[in-house]
Amino acid sequence: MSAAATWSESGPRTVDEHRAAVAALLASSGVETVPLAAAAGRVLAADLTAAIALPPFDNSAMDGYAVRAVELTGASEGSPVELAVSADIPAGRTDVGPLEPGTVARIMTGAPVPDGADAIVPVERTESSDGGAGFGAGGGTGRVRITVAPEKGAFVRRAGEDAAGGAVLLEAGTVLGASQIGLAAAVGRPDLVVRRRPHVLVLSTGSELVAPGEPLAPGQIYESNGTMLAVAVREAGATAEQLSFVPDDVEMFRAALAVRVRDGVDLVLTSGGVSAGAYEVVKDAMTGHGVEFGKVAMQPGGPQGCGRLELGGTTVATVTLPGNPVSSLVSFEVFVRPALRAAAGYPDPDRPVVTARLAGDLSSPAGKRQFRRGVLDATNGTVAEVGSAGSHLIAALARADCLVDLPAETVSAAAGEPVAVWLLGT
Ligand code: AMP
Ligand code: MG
């Protein structure tokens, strides 16, 4: 054991110091192979290279006729050129020989352009030999009048024009959405190698807590942090397993964790029981077992803890959040979300931050970085507080779409002053 002062003896950490301590607990999450449909929202772990060229072969961009451009020099609406139709090529047909000189081949969008043809004339620029518009009744036989002189290459999609075979299509680190997954399928991949999502155990504590749906006795409140944090974990791109909350009882708390901590759990995330009261179950159960507790110079979310919890011969990264719902979720935003996203390889672990002008005056405690809940009006660039500083105000939290980040040295900020705003939208 080192003789260095513990966190609680050395005084409050800054927000950035605690962010770094939490981030250091989470290693890079590893990789796994998932079917394409399961890859949405995941981070690509290895460059995607093109096993085939895109398009894989020269093909028609239109329904019409494959032609030799040189045979149609001078064709126009006023003097159409009439040629024999020598073949019919639907999409997928590959047994067609080279285009016979002096003939054209009827061809559909996506069908291979026959050897010898060098342009496509759209059906709209033709008349069937009976004089009607569109494809005549003859299919791949008969004659067709062409009313345009195509450029060489017109309406031919060239093999490899979108991507050459072997080209890097997507770089490792790309967040996969519909178009990226469509591209992987287009080059024949049934699955992709993606970053594994960190797995988080969520456990709430408090003898006053009751599960939603149950009757509420005097002095009790509904347990809200567990579900809220599990959802926040999933929204951050990790997976969550929500354990049933436990009363303020050290043995029950340790037992609840002991049966669920196993290989593959990347983080234990608790709420409640970490401040200066007499029944701080999380603090009591983890102090001396690898987790340090102390204060962070912020509001809400002053009391915090983190470390590698020693449990049953193993250790597991652990972050202990305070119990007030607003403190819990704001602490998650500030410390846990960026660490989880960085571990999962997201290129943008932090929320976007914009500058907005305050809609009203605010005062803020000296020496503490404060995160007030706000609503941003993007049309005029102002941010208005919802609720007030109280860390129990979950109804106001639910109306907020941003956090107003007031620096530790700020004690007052007047309406119209610019402030940093963290955008919470997904
Ligand atoms: P604690 O951090 O345990 O001292 O709790 C601080 C405040 O948050 C108290 O008012 C608790 O009742 C409340 N609280 C703690 N945990 C939860 C929870 N899981 N859901 C809702 N409120 C909670
Ligand atoms: Mg409690």
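User: Let's start with charges and rings. Which ring does the charged end of arginine 106 sit over?

Analyst: Keep in mind that this is a predicted model. The idea is to look for a charged side-chain end placed above the face of an aromatic ring. Here, the charged end of arginine 106 sits over the ring of phenylalanine 135, 4.8 Å from its centre. You can find another case at tryptophan 7: arginine 13 lies over its face, at 3.8 Å from the ring centre.

User: And rings with rings? How many aromatic pairs are there?

Analyst: A pair of aromatic rings is described by the distance of the centres and the angle of the planes. The count comes to two aromatic pairs. Take one of them, phenylalanine 371 with tryptophan 422: the ring centres are 5.1 Å apart and the planes meet at 75°, so this pair is edge-to-face. Planes over 60 degrees apart get that label.

User: Where in the chain do phenylalanine 371 and tryptophan 422 sit?

Analyst: They link distant parts of the chain, 51 residues apart. Phenylalanine 371 belongs to strand E24 (residues 369-377), while tryptophan 422 belongs to strand E28 (residues 418-423).

User: Are phenylalanine 371 and tryptophan 422 buried or exposed?

Analyst: The cut-off to know is that buried means under 20% relative accessible area. Phenylalanine 371 is at 0%, so it is buried. Tryptophan 422, at 8%, counts as buried too.

User: Back to E24. Which strands does it pair with, and in what sense?

Analyst: Strands of a sheet pair through backbone hydrogen bonds, either parallel or antiparallel. E24 shows both senses. With strand E19 (residues 298-299) the pairing is parallel, over two bridges, and glutamine 299 has glutamine 370 in E24 as its bridge partner. With strand E26 (residues 402-406) the pairing is antiparallel, over five bridges; there, glutamine 370 stands opposite leucine 406. Strand E25 (residues 382-385) also pairs with E24 in the antiparallel sense, over four bridges, and valine 375 has alanine 384 in E25 as its bridge partner.

User: How do I read a whole sheet, say the one with E17 and E21? In what order do its strands come?

Analyst: The order is E16-E13-E17-E21-E20-E18, six strands in an open sheet with mixed pairing. Strand E16 (239-242) and strand E18 (291-295) stand at the edges with a single partner strand each, so one side of each has no neighbour in the sheet. From one strand to the next, the twist averages 20°. Inside the sheet, strand E17 (residues 267-271) and strand E21 (residues 314-321) run parallel, paired over four bridges, with serine 271 opposite leucine 321.

User: Which helices lie on this sheet?

Analyst: Check which strands a helix touches and the angle between their directions. Helix H2 (residues 15-25) lies across strand E20 (303-311) and E21, at about 20° to E20. Helix H5 (residues 250-258) touches strand E13 (199-204), E17 and E20, and its direction makes about 60° with that of E20.

User: Last one: what surrounds alanine 119?

Analyst: Start with its place: alanine 119 is in strand E7 (residues 119-122). Its relative accessible area is 0%, so alanine 119 is buried. Leaving out residues up to four places away in sequence, alanine 119 touches several others, including Tyr65, Val67, Pro150 and Val156.

How values were computed:
Residues numbered from 1 in each chain as written. Chains lettered and ligands numbered in written order. Predicted model: local features only at pLDDT ≥ 70, side-chain atom pairs only at ≥ 80, totals over all residues. Heavy atoms only, no water. Phe/Tyr/Trp six-rings, centres within 6.5 Å; stacked < 30°, edge-to-face > 60°. Buried < 20%, exposed > 50% of the residue type's maximum accessible area, 1.4 Å probe, protein only. Lys NZ or Arg CZ within 6 Å of the ring centre and 35° of its normal. Contact = heavy atoms within 4.5 Å. Pairing = 2+ DSSP bridges. Axes fitted to C-alpha atoms, helices over the stretch in contact; angles between N-to-C directions.
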